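Subject: Structure for your review

Dear colleague,

Please find the structure below, together with its sequence.

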Amino acid sequence: MTRPASLSVPPTTPPTTPPATPPRRGVGGLGTVLLCLVGLLLLGGAFMVRRMLLMPARRCAAFAWHGCFDTFNGVVLMTLVLLPVAVLVAWALARRRRAAGVPGAWRTSLAEVGMVHGTVPFLWLTMMPGAMAGQVPGRFSLVPLRDLATMGALGIVGNLLVFASLGFFAPLRFAAMASAARVLALGAGCSVLVEILQYVLRLDRVSSVDDVLVNTAGALLAGLASRRWWLRAEGS
């Protein structure tokens, strides 16, 4: 009795799957949030302060120093006018970095431009000399919470915004700043430096510890608002 010939089955090879390609990212959630916030702030702010901004418009259009760059209204108007330029600069930087293959092109570009455009105007207003600058000695107030009552709501909001952009964007640009304690220290250090300069340069301003406290709180709150993006994988 003969055995039937065994059927040989060719070995099967598992199907090969092509390597997964990482999805290409655009601006991402961060860019969308920033664009929405900028749009809302522009529309709401321009409507609320339209009369205030029209006052220095003629002087600012002529790039006249007096009446534009030495007034609160003029600085705010120029900040809004230059916002499209800042967006264009961020786009150009991101495009150049992406062409060079630099990771995190959009993140880096938005953070750099945001820190500069969102901080310099407030520093300019903070360092703007008073009417008696150079003629009166420097003044300081070192009692915590004593000056808050005299600031008013507008003064408190303004002090919160002085280093808000720095606190928001610094952890996105520098990995070493991705810590609430470091953002707090950055805001406090910058605020103390500004108050010292106000006193030393005799700008006819009061160097107040409450300004430091509110400036630091603004930087920390803004930093916490961007915290969800601190640890994201780098990519544009």
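Which residues of the largest nonpolar core touch the most other members? They are Met115, Phe163, Phe168, Phe169 and Leu172, in a core of 17 residues. A nonpolar core here is a set of buried Ala, Val, Leu, Ile, Met, Phe, Trp, Tyr and Cys residues joined through side-chain atoms within 4.5 Å. Buried means under 20% relative accessible area, exposed means over 50%, and partly exposed lies in between, with a 1.4 Å probe and protein chains only.

Please note that this is a predicted model, in which local features need pLDDT of at least 70 and side-chain atom pairs count only at pLDDT 80 or more, while totals for chains, interfaces and linings use all residues. Residues are numbered from 1 along each chain as its sequence is written, and side-chain values use heavy atoms, with hydrogens and water left out.

Overall organisation

The protein chain has 11 helices and two strands. These are DSSP runs numbered from the N terminus, with helices (H or I) of at least four residues and strands (E) of at least two. In sequence order, the elements run α-α-α-α-α-α-α-β-α-α-α-β-α. Of the 236 residues in the protein chain, 32% are buried. Contact means heavy atoms within 4.5 Å. Among contacts between residues at least 6 apart in sequence, 73% join residues at least 24 apart.

The cores and helix α9

To return to the core of 17 residues, at least two of its residues come from each of α7 (105-126), α9, α10 (180-200) and α11. Helix α9 provides the largest share, six residues. A second, separate core has six residues, among them Ala86, Ala90, Ala94 and Leu110.

Helix α9 is largely enclosed by the rest of the structure, because nine of its 10 residues are buried. The buried residues are Ala164, Ser165, Leu166, Gly167, Phe168, Phe169, Ala170, Pro171 and Leu172.

Two packed helices are described by the angle between their axes and the distance between the axes. The axes are lines fitted to C-alpha atoms, for helices over the stretch in contact, and the angles run from 0 to 180 degrees between N-to-C directions. A crossing is left-handed if the near helix is turned anticlockwise from the far one by less than a right angle, and right-handed if clockwise.

Helix α9 (residues 164-173) packs on helix α11 (residues 209-225) at an angle of about 35°, and their axes are 7 Å apart. The crossing of α9 and α11 is right-handed. On the α9 side, the contact involves Ala164, Gly167 and Phe168; on the α11 side, it involves Gly218, Ala219, Ala222, Gly223 and Ala225. Five residues of this contact are nonpolar, three are polar and none is charged. In this scheme Ala, Val, Leu, Ile, Met, Phe, Trp, Tyr, Cys and Pro count as nonpolar, Asp, Glu, Lys and Arg as charged, and the others, Gly among them, as polar.

Helix α8 also meets α11: their axes come within 10 Å and cross at roughly 35°. This crossing, too, is right-handed. From α8 the contact uses Leu148, Met151, Ile156, Asn159 and Leu160, and from α11 it uses Asp210, Asp211, Val214, Asn215, Ala217, Gly218 and Ala219. The contact of α8 with α11 comprises seven nonpolar, three polar and two charged residues.

Leucine 160 belongs to helix α8 (residues 148-161). Leaving aside residues up to four places away in sequence, leucine 160 touches Val214, Ala217, Gly218 and Ala219. Leucine 160 counts as partly exposed because its relative accessibility is 28%.

The disulfide

The whole structure contains one disulfide, defined as a pair of cysteine sulfur atoms within 2.5 Å. Cysteine 60 and cysteine 68 form this link, with their sulfur atoms 2.1 Å apart. The link is right-handed, with 105° about the S-S bond. Both cysteine 60 and cysteine 68 are buried. Cysteine 190 is partly exposed, with a relative accessible area of 23%.

The loop between α10 and β2

Most residues other than glycine have a negative phi. Arginine 202, in the loop between α10 and β2 (206-208), has a positive phi of about 55°. Arginine 202 is partly exposed, since its relative accessible area is 35%. Aspartate 204 lies in the loop between α10 and β2, and its phi is positive, near 60°.

With kind regards
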